[in-house]
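Reader: I have a structure to go through and a few things to ask about it. Can we start with the pockets?

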Amino acid sequence: MCSSWLLHCSVQVCFISQDAGGAGGEIPVSGHRGGHGRGAGAAQGEGPVEKVAEGKEPEGKGAVSAGYGGAFLSCCRGQSESGDAAVDAARPDATRPDTTPGNTTDVDNGVGRAEEDGVKPPQPLIGDNELQDVSLQVRSVDLLKSQKEQNRAEHQTDQYLSDDLIIRRGQTFQVALDLSRPLNSDTDKLHLELKTGPRPLVSKGTHIIIPLVEELKGGQWQAKIMEQDGNRIRLSISSPPTALIGRYHLTVVTRGPKGVATTPEDLSNDIIMLFNPWCMDDTVYMDDEEERQEYVLNDTGRIYYGTEKQIGARTWNYGQFSEGVLAACLYILEKSDVLAPGRGDPVNVVRAITAMINSPDDRGVLEGNWSGDYAGGTAPTAWSGSVDILKKYHEEGGMPVKYGQCWVFSGVTTTVLRCLGVPARSVTNFQSAHDTDVSLTIDIYFNENMEALNSLNSDSVW
């Protein structure tokens, strides 16, 4: 008969890897994320406005000072820095007093009298450059995440039926930002932040600050402005090939003359990071495109079962791109023993996933049953793919799905690993040996009468 799964199963999942020299190999899998306002205007002076001497320009005319909500002409503020009243230099010429020699009309007959009558003097036009709000905020974030967008196509994730931005580590991706005004490189600062796991910390690599740089160096978290068109900028963002996989929450922080603004966390702006078999510096890299297509992107396959003298085969729908499967795989990863800081190592992730597929130790995905009585669940032979199993496990809050056997465990494990970007395949073994004492031999103990000592015989072959 078919041996048990992994340590107890003949149907195993192989983690397809490659050594530094480029030779392919297989490593058998083992068990065990405020608003701005425009200033109301210049403050009005309290005292009468002094007369302008003949032949002289008003003191302070044309000087500019910063005010809340924009840049204001100092003469618009009612009082100059010296404390003397000043003439509104931004006022339309039709209302500005005539100061040519011989003219006795003074400012008091204009602005001062208007204020006494309760009528506001003429104000600068809202559209004046001097009044434009200098605060910098992000109005919207476009992750360019649809299946037809550049990001999904370049990262080989356009087959996933998901609304999230799904990318692979060690590879650049693009994000577009709509700002409240054009970015000024001389006075404005901007950076992005990514957070993953329950307690994001910079020291643990779970809180990432992505600076804006002139040129991307690669191999690290950085962002570069690729295009700027008015208030809209397009960023190219690079990630290291060792980045943690999983779901990240994205925020954008801007800093300008008026202070700091941070976008709120929005689930629609989450980013999902996967392993990258196309990146040479990623541990899971494969240099053969045909093998990548088979062991990462192929969503169907054949699994063998039975005994060495009666081998059967069945088609299995891995379905790693099906709707809801990626969310279920991330849920399994979060339930596993691998904490967020350890999710950059594929070995840790693979071991955690294989342990999570079998239910006894971790309330994992599948409950095994070899009794022949499958009441209260589904017979292992009735399953033809992983999608229904994974979605059921996720939707029911992590309740083990009934029931599975060797090939079912293997098929589901292959689905999860391929979904997360780890090359994997199902392998069936017949006449399996189970060594329980790490002697690398199958030991059978007998007494002096050549009777088996069952209390000592825990190794087996089947």
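Reader: Which residues line the second largest pocket?
Author: This is a predicted model. The lining of the second largest pocket consists of Leu 183, Asn 184, Ser 185, Asp 188, Lys 189, Leu 190, Leu 212, Val 213, Glu 214, Lys 224, Ile 225 and Gln 228.

Reader: How do the lining residues divide into nonpolar, polar and charged?
Author: Five are nonpolar, three polar and four charged.

Reader: And how much space lies in that second largest pocket?
Author: About 280 Å³.

Reader: Which strands each supply at least two residues of the lining?
Author: Strand E10, residues 189–195, and strand E12, residues 222–229. E12 gives the most, with three residues.

Reader: Switching to rings. How many aromatic pairs does the count come to?
Author: Six aromatic pairs. One of them is Trp 370 with Phe 409, and this pair is tilted because the planes are at 35°, with the ring centres 6.4 Å apart.

Reader: Where do Trp 370 and Phe 409 lie?
Author: Trp 370 is in the loop between strand E19 (366–368) and helix H7 (387–395), while Phe 409 belongs to helix H8 (residues 406–420). The pair therefore ties together parts that are 39 residues apart in sequence.

Reader: Is Phe 409 buried or exposed?
Author: Phe 409 counts as buried, because its relative accessibility is 1% and the cut-off for buried is under 20%. Trp 370, at 49% relative accessibility, counts as partly exposed; exposed would need over 50%.

Reader: Now Gly 170. What is Gly 170 in contact with, leaving aside its neighbours within four places in sequence?
Author: Ser 239, Pro 240, Pro 241 and Cys 279. For Ser 239, the C-alpha to C-alpha distance from Gly 170 is 5.0 Å, although the two are 69 residues apart in sequence.

Reader: Where does Gly 170 lie?
Author: In the loop between strand E8 (165–168) and strand E9 (173–179). With a relative accessible area of 29%, Gly 170 is partly exposed.

Reader: On to the backbone. Which peptide bond is cis, with omega near 0°?
Author: The one from Lys 402 to Tyr 403. Tyr 403 has its place in strand E20, residues 401–404.

Reader: What about phi? Which residue other than glycine has a positive phi near 50°?
Author: Leu 144. Leu 144 sits in the loop between strand E7 (138–142) and helix H2 (150–154). Val 438 is not a glycine either, and has a positive phi of about 55°.

Reader: Where is Val 438 found?
Author: In the loop between strand E22 (433–434) and strand E23 (460–461).

Reader: Why does Val 438 count as exposed?
Author: Because its relative accessibility is 72%, and the cut-off for exposed is over 50%.

Reader: And Leu 144, buried or exposed?
Author: Leu 144 counts as buried, at 6% relative accessibility.

Conventions
Residues numbered from 1 in each chain as written. Predicted model: local features only at pLDDT ≥ 70, side-chain atom pairs only at ≥ 80, totals over all residues. Heavy atoms only, no water. 1 Å grid on protein atoms, 1.4 Å probe; cavity = no way out; pocket = protein on both sides within 12 Å on 5 of 7 lines; lining within 4 Å. Points joined across faces, edges and corners; volume = space filled by probe spheres on them. Helix = DSSP H or I, 4+ residues; strand = E, 2+ residues; numbered from the N terminus. Nonpolar A, V, L, I, M, F, W, Y, C, P; charged D, E, K, R; others polar. Phe/Tyr/Trp six-rings, centres within 6.5 Å; stacked < 30°, edge-to-face > 60°. Buried < 20%, exposed > 50% of the residue type's maximum accessible area, 1.4 Å probe, protein only. Contact = heavy atoms within 4.5 Å.
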